[in-house]
Amino acid sequence: RWAIATVLFTGIVLLMTLSPDSTVNTSNYVPFREHGAAWSCLVRGCAAAAASARFLVTDVLGNVVVFVPIGYAAAGALIGSLVRRFWTATVFGLLVSLFIETVQFRIATRATDVDDLIFNTIGAAIGAGLLVLTRARGLDRG
């Protein structure tokens, strides 16, 4: 059941992120360039502070939250020590995100951003960490 959940969650994310949308094809390879500018605007109270706040919340939380189920399910599908499950599921999330960002580079209406890779991987690590914590505390025996 964990393997099925991993495939299902990964498939949903792939469909969401690889389907054409209204985004202009851009690439950002500088970590936190856009997020840093938005944060700076928010702190300074610039005219676009409200838009910067919306961007930070939707982009950061969106990228993290969408990968939490992938990390959780992948850690559940793996065998081995809890530490090994955590790191393997996190690397799996990183590789899925790297695949997405690489493919998006070739889609005219998708954007490639190194920050997405970072935040997606954090989401997978959070998901894997949640599974590991529930198993370590005996809350999930499955």
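How much space lies in the largest pocket? About 400 Å³, and that pocket is where this tour will end up. The volume is the space filled by probe spheres set on grid points joined across faces, edges and corners. A pocket here is an open set of points on a 1 Å grid over the protein atoms alone, where a 1.4 Å probe fits and protein lies on both sides within 12 Å along at least five of seven lines.

Before you click on anything: this is a predicted model, so local features need pLDDT of at least 70 and side-chain atom pairs count only at pLDDT 80 or more, while totals for chains, interfaces and linings use all residues. Residues are numbered from 1 along each chain as its sequence is written, and side-chain values use heavy atoms, with hydrogens and water left out.

**Stop 1: the whole chain**

Show the cartoon. The C-alpha trace spans about 50 × 35 × 20 Å along its principal axes. Colour by accessibility and 37% of the 142 residues come up as buried. The cut-offs are under 20% relative accessible area for buried, over 50% for exposed and partly exposed in between, with a 1.4 Å probe and protein chains only. For contacts, meaning heavy atoms within 4.5 Å, take the pairs at least 6 apart in sequence: 75% of them join residues at least 24 apart.

**Stop 2: helix α4**

Select 82-104, which is α4. This helix has 23 residues and reaches 33 Å from its first C-alpha to its last, close to the 33 Å expected at 1.5 Å a residue; the expected span is 1.5 Å times one less than the number of residues. Its buried residues include Arg85, Ala89, Gly93, Val96, Ile100 and Gln104. An α-helix has 3.6 residues a turn, so residues three or four places apart point the same way. What do the buried residues of α4 pack against? They pack against α1, α3, β2 and α5.

**Stop 3: the aromatic pairs**

Show the rings. A search of the whole structure finds three aromatic pairs, where rings of Phe, Tyr and Trp (its six-membered ring) pair if their centres lie within 6.5 Å; planes under 30 degrees apart count as stacked, over 60 as edge-to-face and the rest as tilted. Zoom in on Phe32 and Phe119: their ring centres are 5.9 Å apart and their planes sit at 65°, so the pair is edge-to-face. Phe32 is in the loop between β1 and α2 and Phe119 is in helix α5, so the pair ties together parts that are 87 residues apart in sequence. Phe119 is buried, at 9% relative accessible area, whereas Phe32 is partly exposed at 40%. Check the backbone of Phe32 as well: its phi is near 65°, a positive value in a residue other than glycine.

Arg33 is partly exposed, with a relative accessible area of 44%. Leaving aside neighbours within four places in sequence, Arg33 is in contact with Ser27, Asn28 and Asp115.

**Stop 4: Gln104**

Is Gln104 buried or exposed? Gln104 comes out at 3% relative accessibility, which makes it buried. Not counting residues up to four places away in sequence, Gln104 touches Thr17, Leu18, Asn25, Arg110, Ala111 and Thr112. Draw a C-alpha distance from Gln104 to Pro20: they are 84 residues apart in sequence and 9.1 Å apart in space.

**Stop 5**

Keep Gln104 selected and bring up the pocket surface. The lining of about 400 Å³ of space comes from 23 residues, and the closest to the centre are Asp59, Asn63, Gln104, Arg110 and Asp116. Lining residues have an atom within 4 Å of a point. Colour by element: α1, α3, α4, β2 and α5 each supply at least two lining residues. Which gives the most to the lining? That is α3, with seven residues.

Finally, colour by class: six nonpolar, ten polar and seven charged residues. Here Ala, Val, Leu, Ile, Met, Phe, Trp, Tyr, Cys and Pro count as nonpolar, Asp, Glu, Lys and Arg as charged, and the others, Gly among them, as polar.

Key. Helix = DSSP H or I, 4+ residues; strand = E, 2+ residues; numbered from the N terminus.
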